[in-house]
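Hi everyone, thanks for coming. Let me put the model up on the screen, and then we'll walk through it together.

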Amino acid sequence: MADEREASGHCLCGAVRFTATLVSHDVQVCHCGMCRRWTGGPLMFVDVDGAPAFEGREAIGIYRSSEVGERGFCTRCGSILFWKVAGEERYTMAAGSLDDASRLALKTEIFIEDKPGFYDFSNATKKVVGSEAMGAYISGSGETN
Amino acid sequence: MGLMHEGEVVFGGAENIGVYKSSDWGERAFCKLCGTPLYWHLSGSDTYSFSAGALDDQSGLRFTMEIFVDEKPAFYEFANDTLRLTGAEAMAALAGGAKSEEARDG
């Protein structure tokens, strides 16, 4: 019986492909200024159980955006791939990079205090401030991502 | 999320811009160092859509339109009162705008 949490994905140009085991199909949205600058809008992501398996690693660019976070993207087409905890194999994948979005459900909005006023989601979500959200990824973290 | 622009653009750090030709009619530019999307450009025109997140001043932005709504996955919805266009409608509107530009420029 196939594990429903098994997922695959790729960037726009196909240079980078991955498979991963999702923690769940719950999508989080990050409104922080870094994620909005990095993606053009809020970052939608899913949590991964363990590290993804990548093909085309040589095309992955990593930008160390803060003390605690690294941002992965395709250097050929610019596609946003993942945010991960710096120095750890703790990944979150961009929801748009997944091949199958059919089971995804938007559940949580994080860094809600940074959200600009010009857009809102109508989904019924849990809204969380940044410090509380980062606690799930880094113990003792108070800021920056 | 993009902001439409017609005309000249001045860049600093242009050597860091990566351009990916994503289709016959458009290209996507991003920073090669960090992946930040910068703009979508209608090939052969002065028409750009600049990434809203990259703008220094976002205070006056208004979210007015969604395009390619026929490809939107079901798991999210925006609450804003937007004009919603399918991909075909959006591309037709863009082509209509480009044709006006050609006619104007002679």
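What you see is a predicted model, where local features need pLDDT of at least 70 and side-chain atom pairs count only at pLDDT 80 or more, while totals for chains, interfaces and linings use all residues. Residues are numbered from 1 along each chain as its sequence is written, and chains are lettered from A and ligands numbered from 1 in the order in which they are written.

Let's begin with chain B. It is divided into domain 1, residues 1-58, and domain 2, residues 62-106. Taken over C-alpha atoms, the centres of these two domains of chain B are separated by 17 Å.

How confident is the predictor in chain A? On pLDDT, its confidence in each residue from 0 to 100, chain A averages 93, and 94% of the residues score at least 70. Over residues 140-144 of chain A, though, the pLDDT is below 50.

Now, where do the chains meet? Call two residues in contact if their C-beta atoms, placed from the backbone, lie within 7 Å. By that rule, 29 residues of chain A are in contact with 27 residues of chain B. Helices (H or I, at least four residues) and strands (E, at least two) are DSSP runs, numbered from the N terminus. Helix 1 of chain A gives the largest share of the chain A side, 4 residues.

On to the inside. A residue is buried if 20 or more other C-beta atoms lie within 10 Å of its own, exposed if 12 or fewer, and partly exposed in between. A nonpolar core is a set of buried Ala, Val, Leu, Ile, Met, Phe, Trp, Tyr and Cys residues joined through C-beta atoms within 7 Å. The largest one has 35 residues, and Phe45(A), Leu81(A) and Ala95(A) are among those with the most contacts inside it. Apart from it lies another core, of 6 residues, including Tyr39(B) and Phe50(B).

Finally, two phenylalanines to look at. Phe111(A), in the loop between strand 10 and strand 11 of chain A, has a positive phi of about 50° although it is not a glycine. Phe68(B), in the loop between strand 6 and strand 7 of chain B, has a positive phi near 60°. Buried or partly exposed? Phe111(A) counts as buried because it has 25 C-beta neighbours inside 10 Å; Phe68(B) has 14, so it counts as partly exposed.

Conventions:
Domain bounds come from an automatic or database domain assignment.
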